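The sequence and the structure come next.

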Amino acid sequence: MIEITEIPEDWTQDQVKIYEIYSKLDKSNSEAIDELEKILNRWLGELKIVSWNCNGKFREKFNEIIEEDADIYIIQECEDPAQSSEEEYREFAGKNYFWTGNLHYKGLGIFANEDIKLERLETKGEFEHFIALRVNDSFNLLGLWAMPKYVEMIHDFFDANGDLFDENLVMCGDFNSNVVFDKKHGKKNHTELNRKLESKDLISVYHDMTGDEQGSEKSMTFYQSRHLNLPFHLDFVYAGKNVVKEFKILDHYKWLTVSDHLPLVFKI
């Protein structure tokens, strides 16, 4: 449950009263707790974000991921809602989203709740599957889907847009990369990418929270052809130290029925 050590000065008496009710609820009343936590998180400025490579046909899968009730969804391999014939998918997307891709049925989309302010940031170079946004006039968000040449493309984006990278950036998506593949990418490998990001005070949230070494991850995010014996850790969230408050990789037993990647869920 949410514990507030100091009530925000700008809270009204009604907000304080609702928090007091919430803090006294029986933990078995999970439905009431969940609903009040959504309200409290909005008041506290906390955002829940999901990053997921849906493995295509997102129009048939979005109902699965919205059960997470996130504020922002960063979806790789999804269709362009503006060109979709599926009315329910267009309704999910609403008007508060950005999408990019050279194939209308497989690109990168960032979808947000209507009360969240998204502003597109200008970036340099031609990078098809990168979207940089300013969120709620508070922080910058970079969603990406690294296509061939995979990590080398991320290096190229970094080199072209170095000013975007600082502790105020949250960067996430399907990197299609890991240090175990370093030898395939010469000087533009994942180890070198980590060095560049760390020089900008950006760290891998998973590795920081778990203590796992890069390349020796205990939890995987991708299963090639959905085979449990072909696991890799290819999806990442990078952010400044202590920016991300919670992080998890969702359970593979459910998600491998709909994709070869597992969703990353985190709060900032």
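Accessibility is given here as relative accessible area: buried is under 20%, exposed is over 50%, and partly exposed lies in between (1.4 Å probe, protein chains only). This is a predicted model, in which local features need pLDDT of at least 70 and side-chain atom pairs count only at pLDDT 80 or more, while totals for chains, interfaces and linings use all residues. Residues are numbered from 1 along each chain as its sequence is written, and side-chain values use heavy atoms, with hydrogens and water left out.

**Salt bridges**

A salt bridge is a side-chain nitrogen of Lys or Arg within 4 Å of a carboxyl oxygen of Asp or Glu. The structure holds 14 of them.

| Pair | N to O distance | Relative accessible area |
|---|---|---|
| Asp137 and Lys117 | 3.1 Å | Asp137 48%, Lys117 42% |
| Lys218 and Asp212 | 3.1 Å | Lys218 69%, Asp212 9% |
| Glu246 and Lys267 | 3.9 Å | Glu246 43%, Lys267 17% |

Helices (H or I, at least four residues) and strands (E, at least two) are DSSP runs, numbered from the N terminus. The salt bridge between Asp137 and Lys117 links distant parts of the chain, 20 residues apart: Asp137 is in the loop between β6 (130–135) and β7 (139–145), and Lys117 is in the loop between β4 (107–112) and β5 (118–120). Asp137 counts as partly exposed, and Lys117 also counts as partly exposed.

In the pair Lys218 and Asp212, Lys218 is exposed, whereas Asp212 is buried.

Glu246 is partly exposed and Lys267 is buried.

**The largest pocket**

On a 1 Å grid over the protein atoms alone, a pocket is an open set of points where a 1.4 Å probe fits, with protein on both sides within 12 Å along at least five of seven lines; lining residues have an atom within 4 Å of a point. Points are joined across faces, edges and corners, and the volume is the space filled by probe spheres set on them. The largest pocket has about 420 Å³ of space. Its lining has 20 residues, and those closest to its centre are Lys38, Asn41, Lys48, Asp69 and Lys267. At least two lining residues come from each of α2 (30–43), β13 (246–249) and β14 (264–267), with α2 giving the largest share, five residues. The lining has 13 charged residues (Asp, Glu, Lys and Arg), five nonpolar (Ala, Val, Leu, Ile, Met, Phe, Trp, Tyr, Cys and Pro) and two polar (the others, Gly among them).

Contact in general means heavy atoms within 4.5 Å.

Asn96 is in the loop between α4 (87–93) and β3 (97–100) and is buried at 15%. A polar atom of its side chain lies 2.7 Å from the backbone oxygen of Asn113, and the side chain of Asn96 reaches the backbone oxygen of Ile116 at 2.8 Å. Beyond its neighbours within four places in sequence, Asn96 is in contact with residues including Ile110, Phe111 and Leu118.

His155 lies in helix α5 (residues 151–160) and counts as buried, at 0%. Its side chain makes a polar contact of 3.0 Å with the side chain of Lys196. With neighbours within four places left aside, the contacts of His155 include Lys187, Glu192 and Leu193.

Methods:
Polar contact = N/O pair within 3.5 Å; in protein donor to acceptor, adjacent residues only side chain to side chain.
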